[in-house]
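The sequence and structure are shown first.

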Amino acid sequence: MAIYAVGDLQGCFSAFQRLLDLIRFDPTQDTLWLVGDIVNRGPDSLALLRYIKQAGDAILMVLGNHDLHLLMIAAGVARGHPGDTLRSILDAPDRDELLHWLRQQKLFHRDDPYAMVHAGLLPTWTIARAEQLAHEVENALRQDDYPILFSQIYGNEPNYWRDEWQGSVRLRVIVNAMTRMRICTEKGEMNFAYKGDVHSIPHGYLPWFNVPQRVSQGNTVICGHWSALGLYLGDNVFALDSGCVWGGQLTAIRLHDRKLFQLHCAQ
């Protein structure tokens with residue numbers, strides 16, 4: 001049995017199918033970990049979402065910002081963006097079933113010595129603390145009044161963490177860190193505007209995983225989200241978004257021996 005972690009798919013179902021062939025994925029024996037952003041921008045979000053849902057325990061995913069964006073649009077608390085490719089899901093006859101299933105998915109997954117999150121972890125969060133905080137958001141997403149949560153968690157402020165945060169502010173910071181963060185200061189102040197590569201990061205900021213004394217360094221954190229970073233394999237982080245939806249590559253890594261599998265994607 002093997003566990004493969006896979007980078008951002010974003011509706012690229014054809015590339016995903018080719019990757020499964022490349023790694024010779026056997027759903028009766030193997031498990032896929034998906035780093036989130038399952039849907040949007042690519043051409044086949046509906047087919048991809050249906051496939052992952054029916055795969056059951058063979059595929060484990062965490063939610064990304066595009067997945068939450070879909071849920072927010074469906075709940076009527078967000079507007080679509082010009083580049084969205086979500087209409088096929090929103091108009092699908094099994095829309096409600098798919099979206100209900102999506103709301104049940106994790107924000108963070110832990111299986112020592114690995115942890116998986118879409119974007120990143122703030123420097124003061126231990127792995128155990130991150131798991132607890134993710135559960136708070138997951139529980140709110142699974143309630144019948146979840147549209148209230150969506151109406152309150154949009155926004156970039158506050159851009160730092162305090163343990164005393166409560167209510168929607170607390171959940172907003174958790175969601176922003178785990179699904180949107182790329183860079184932050186050593187004190188954990190997040191910058192959401194920057195989407196470039198590691199060579200032109202604004203002064204005072206650094207990749208979240210390079211913050212000195214980051215307390216989650218004891219686990220290898222698997223993430224995606226930062227396509228301009230590209231594939232990055234560090235001692236304690238695997239960043240797997242290699243820009244498939246932009247004509248880059250789709251990446252998988254087999255965890256037990258860290259063997260890489262990559263294929264080129266059509267833009």
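## Charges over rings

A charge is taken to sit over a ring if NZ of Lys or CZ of Arg is within 6 Å of the ring centre and within 35 degrees of the ring normal. By this criterion, the charged end of Arg-180 sits over the ring of Phe-192, 4.4 Å from its centre. Arg-103 lies over the face of Tyr-146, at 3.8 Å from the ring centre.

The model is predicted: local features need pLDDT of at least 70, side-chain atom pairs count only at pLDDT 80 or more, and totals for chains, interfaces and linings use all residues. Residues are numbered from 1 along each chain as its sequence is written, and side-chain values use heavy atoms, with hydrogens and water left out.

## Aromatic pairs

Rings of Phe, Tyr and Trp (its six-membered ring) pair if their centres lie within 6.5 Å; planes under 30 degrees apart count as stacked, over 60 as edge-to-face and the rest as tilted. The structure holds 10 aromatic pairs. In one of them, the ring centres of Trp-125 and Trp-161 are 5.5 Å apart and the planes stand at 85°, so the pair is edge-to-face. Trp-125 belongs to the loop between strand E5 (114-117) and helix H6 (127-141), and Trp-161 to the loop between helix H7 (146-153) and helix H8 (167-180), so the pair ties together parts 36 residues apart in sequence. Helices (H or I, at least four residues) and strands (E, at least two) are DSSP runs, numbered from the N terminus. Trp-125 and Trp-161 are both buried, that is, under 20% relative accessible area (1.4 Å probe, protein chains only).

The rings of Phe-209 and Trp-226 have centres 6.4 Å apart and planes at 50°, so this pair is tilted. Both residues are buried, and together with Trp-208 and Tyr-232 they form one aromatic cluster.

## Nonpolar cores

A nonpolar core is a set of buried Ala, Val, Leu, Ile, Met, Phe, Trp, Tyr and Cys residues joined through side-chain atoms within 4.5 Å. The largest has 88 residues, of which Leu-32, Leu-34, Leu-121 and Met-178 touch the most other members. Helix H6 gives the most to this core, with seven residues. A second, separate core of 12 residues includes Ile-3, Val-35, Ile-222 and Ile-253.

Contact (heavy atoms within 4.5 Å) links Leu-121 to residues including Phe-108, Ile-127, Met-178 and Trp-208.

Note on methods. Buried means under 20% relative accessible area, exposed over 50%, partly exposed in between (1.4 Å probe, protein chains only). Lists of a residue's contacts leave out its neighbours within four places in sequence.
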